[in-house]
Amino acid sequence: SSVCETGGSFDRACDALFDVRAISGIVDVVIATASNFGGTVKGSNCEDDEVAGTNMNQLFDWEHGIYSNGGGDGTAEEARKKCYDVLLQKLHRLIELKEFDAADEMMSNAICSEDNVLHEVLYDNLLKTKQIERLIRIQSPRLEKFLNDVDKSLLWRFYVFHGRHSDACVLMSTTGLSKEKISLDERIACFTRAVNSAVAMSGGGVGVGIEGGDDSGFQLAQLKEYLEVATLQRLILSAISQQVKDGLCDEAVEEDITYRLLDVSEMYNDVCGPFCLWELCLSILLVCGMSDHDNIRLLWKAIIVDEIPADSKNEAILAHLLDMRQDVPIRGGVVQGQFEDGDWIVRVKSKVINVARGLWGRGADYIVPVELLIFELEGLRRCWDLVGGGGEKGNWVISAFAEAGIEWSKLADCYCQVLSEREGKGADKSERVHYLMGIVEVLMRWGKDGGFRRVGNVRSIIDNVKSNLETLVGGGNEVNNLVQSVRLVESMLGGR
């Protein structure tokens with residue numbers, strides 16, 4: 001009977017072997033039978049094998065007469081496919097029966113064959129039937145080539161499973177840096193995997209040299225930088241996508257950012273700057289380690305004024321708002337409404353918290369110029385007081401800094417520094433009292449929030465406040481309240 005015939009001699013032989021779990025026998029029969037239709041017992045590229053399907057003297061005695069050899073019921077290609085299909089059917093039957101050891105034995109015997117087509121058919125079937133874990137456990141150079149051609153993420157898993165972390169790292173690094181059209185999310189996934197593989201290879205160390213087949217060297221720190229930059233580009237892409245929806249940006253820009261890895265210079269000069277993405281400009285400066293103080297201050301001022309109305313009924317406040325906007329780039333026009341409405345407070349506070357929280361404590365705190373922010377935000381609070389504002393519980397500026405994660409000690413030092421600078425520029429009594437109140441409130445909150453650790457520094461600040469208060473004799477209720485607050489802070493210190 002023909003091999004292609006269902007229930008024929010070939011099927012019955014394999015069924016009989018399966019019933020007694022003669023696993024290696026099934027594989028031998030399939031490979032031997034396939035060798036008559038282009039496959040080979042020894043192994044070849046199959047289709048042009050000189051002995052395949054022509055030299056019947058190579059057959060076992062029981063094999064004679066059961067093949068069509070491409071005639072009658074089917075072609076040689078169909079007959080050969082039938083051989084492999086039977087093997088795959090038996091394999092999946094073992095998996096269904098949860099006879100995993102027998103299934104593994106069948107695969108181990110099959111991959112010993114040098115029949116390249118059998119390997120490809122087996123791997124492709126395991127992939128399509130989602131037997132991924134079983135697939136990547138196979139140790140074979142042919143599988144490595146197969147995975148490289150069909151799915152590099154699976155090849156990475158193959159390398160990781162077999163402890164080949166160097167190969168895994170180089171594969172994911174080169175894929176992430178590829179000039180090919182690869183989505184940004186996929187690049188981020190590649191860099192994440194590369195970092196994980198590098199860490200695994202280095203045993204959790206801070207750096208490792210990894211040599212690839214092309215003599216490429218990757219350091220763990222460099223891989224982390226690639227990941228950080230790609231993640232930053234993802235944030236930029238989200239912002240640009242929104243601008244595309246709003247009709248403010250061409251889709252070609254979004255397309256370019258989606259599929260091409262930008263360098264930080266392109267991000268800053270070609271995207272974030274022209275499209276007024278000030279917050280992301282700060283993130284880029286952080287990643288690059290650029291301490292461009294003038295530019296950082298300008299970006300922060302732009303971020304703040306972007307949330308504040310430019311109009312006020314009070315001439316002094318109006319002059320202050322205009323001064324804040326001096327030489328500051330404005331995006332999206334001027335915020336509508338009056339300063340006196342007070343809606344801007346929540347917006348400004350939220351913006352400062354969100355931006356500063358993402359930048360502070362990452363090894364470059366100059367990117368959050370606390371003294372500048374104190375001066376600008378407290379200036380707005382003073383204006384708000386002029387129009388009978390107030391009403392908030394506590395100082396919202398201090399609350400914003402605290403929620404952003406800026407340490408009390410740092411905050412107290414910066415408030416003192418701003419006061420000193422303002423005094424040097426001739427600050428009047430009202431402005432001095434304003435900043436002294438800020439300093440004392442920081443100390444009060446600091447003491448209540450886990451207590452003081454740098455006692456010497458706190459005493460120095462208190463002495464400075466007391467010296468200032470002595471020059472404000474007869475300063476009214478505000479000064480008297482400050483004196484009482486200073487005494488409370490001293491009581492928190494106790495005898496320390």
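Modeller: Before we start, helices here are DSSP runs of at least four residues, numbered from the N terminus. Also, this is a predicted model.

Biologist: Fine by me. Which helices each supply at least two residues of the lining of the largest cavity?

Modeller: The search of the whole structure turns up one cavity of 30 Å³ or more. Among the residues lining the largest cavity are Leu 87, Leu 88 and Met 106. The helices that each give at least two lining residues are α3 (76-96) and α4 (100-110).

Biologist: Now the pocket. Which helix gives the largest share of the lining of the largest pocket?

Modeller: The largest pocket has a volume of about 620 Å³, and 26 residues line it. Helices α16 (315-324), α18 (370-386), α21 (429-448) and α23 (477-493) each supply at least two of the lining residues. The largest share, ten residues, comes from α21.

Biologist: And how many of the pocket's lining residues are charged?

Modeller: Arg 382 and Asp 385 are among the residues that lie nearest the pocket's centre, and Asp and Arg count as charged. The lining also has ten nonpolar and nine polar residues. The charged ones number seven.

Biologist: You mentioned α18 and α21. Is their crossing left-handed or right-handed?

Modeller: The axes of α18 and α21 come within 11 Å and cross at roughly 115°. Residues making the contact include Arg 382 and Asp 385 of α18 and Ser 430 and His 434 of α21. By class, that contact has three nonpolar, two polar and five charged residues. As for the hand of the crossing of α18 and α21, it's right-handed.

Biologist: Leaving aside neighbours within four places in sequence, which residues is Lys 410 in contact with?

Modeller: One of them is 40 residues away along the chain, and its C-alpha atom is separated from that of Lys 410 by 8.7 Å. Contact means heavy atoms within 4.5 Å. By that cut-off, the contacts of Lys 410 beyond those neighbours are Trp 360 and Val 370.

Conventions. Residues are numbered from 1 along each chain as its sequence is written. This is a predicted model: local features need pLDDT of at least 70, side-chain atom pairs count only at pLDDT 80 or more; totals for chains, interfaces and linings use all residues. Side-chain values use heavy atoms; hydrogens and water are left out. On a 1 Å grid over the protein atoms alone, a cavity is a set of points where a 1.4 Å probe fits but cannot get out, and a pocket is an open set with protein on both sides within 12 Å along at least five of seven lines; lining residues have an atom within 4 Å of a point. Grid points are joined across faces, edges and corners, and a volume is the space filled by probe spheres set on the points. Axes are lines fitted to C-alpha atoms, for helices over the stretch in contact, and angles run from 0 to 180 degrees between N-to-C directions. A crossing is left-handed if the near helix is turned anticlockwise from the far one by less than a right angle, and right-handed if clockwise.
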